[in-house]
Amino acid sequence: MTARTLKGIAKGLALAVVFAFPAFAASTSSGPAPAFQLSGRGGKSIDLSQFKGQVVMINFWATWCKPCRDEMPLLEDIYKKYKPMGFTLVGVNVEPDSKDAEAWLSKQKPVSFPIAFDTDSKVTKLYKVVVMPSTVFVDRKGNVRVMHKGYKAGDENAYLTQIRSMLKE
């Protein structure tokens, strides 16, 4: 192998490490959740402030993201189970055209949680989302508590632990 080839391999491995490890990381945060208002399914307006006093899980997703598609039915189950306890989930689709998300959703097992469309990426940028999916947990006081980046099978257990803990507060 030439030195150039080895440099290319090293660069590729370095990039893989940079993108792989943070993809499944959870970071703890504090401070107020950035306010937002987006259009949602059926033309409804979704404003984060309407959920004040509830534990809120904001899930940023896209139809082109396989882990996003994989976790969607699990998110629906979580929403249905914990909604009566003061929990809500808002799915924020990050694609520039909401028609793609609407088309995909219409072909899936229906979701009952609110879906908002961030077609201009303003909310995605507010929350500093760089990995799909990304899930943000907001406490009853409106503070960001945890941001979970990425999704792999089993991550829903971390979601449940976080939700249960925050609901007890």
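Author: Start with the rings. Rings of Phe, Tyr and Trp (its six-membered ring) form a pair if their centres lie within 6.5 Å; planes under 30 degrees apart are stacked, planes over 60 are edge-to-face, and the rest are tilted. This is a predicted model, where local features need pLDDT of at least 70 and side-chain atom pairs count only at pLDDT 80 or more, while totals for chains, interfaces and linings use all residues. Numbering runs from 1 along each chain as its sequence is written, and side-chain values use heavy atoms, with hydrogens and water left out.

Phe36, Phe60 and Tyr127 make up one aromatic cluster. Searching the whole structure turns up six aromatic pairs. Tryptophan 61 and tryptophan 104 have ring centres 5.7 Å apart and planes at 50 degrees, so they form a tilted pair. Tryptophan 61 sits in strand E4 (residues 55-61) and tryptophan 104 in helix H3 (residues 98-106), so this pair ties together parts 43 residues apart in sequence. Helices (H or I, at least four residues) and strands (E, at least two) are DSSP runs, numbered from the N terminus. Both tryptophan 61 and tryptophan 104 are buried. Buried means under 20% relative accessible area, exposed means over 50%, and partly exposed lies in between (1.4 Å probe, protein chains only).

Phenylalanine 137 and tyrosine 159 are also a tilted aromatic pair, 5.9 Å centre to centre with 55 degrees between the planes. Phenylalanine 137 belongs to strand E7 (residues 134-138) and tyrosine 159 to helix H5 (residues 155-168), so the pair ties together parts 22 residues apart in sequence. Phenylalanine 137 is buried, at 1% relative accessible area. Tyrosine 159 is buried too, at 1%.

Now the backbone. Most residues other than glycine have a negative phi, and most peptide bonds are trans. The bond from methionine 132 to proline 133 is cis, with omega near -15 degrees. Proline 133 is placed in the loop between helix H4 (122-126) and E7. Lysine 128 is in the loop between H4 and E7 as well. Its phi is positive, near 55 degrees. Lysine 128 is exposed, at 66% relative accessibility. Serine 121 lies in the loop between strand E6 (115-117) and H4. Phi of serine 121 is also positive, near 65 degrees. Serine 121 is partly exposed, with a relative accessible area of 22%.
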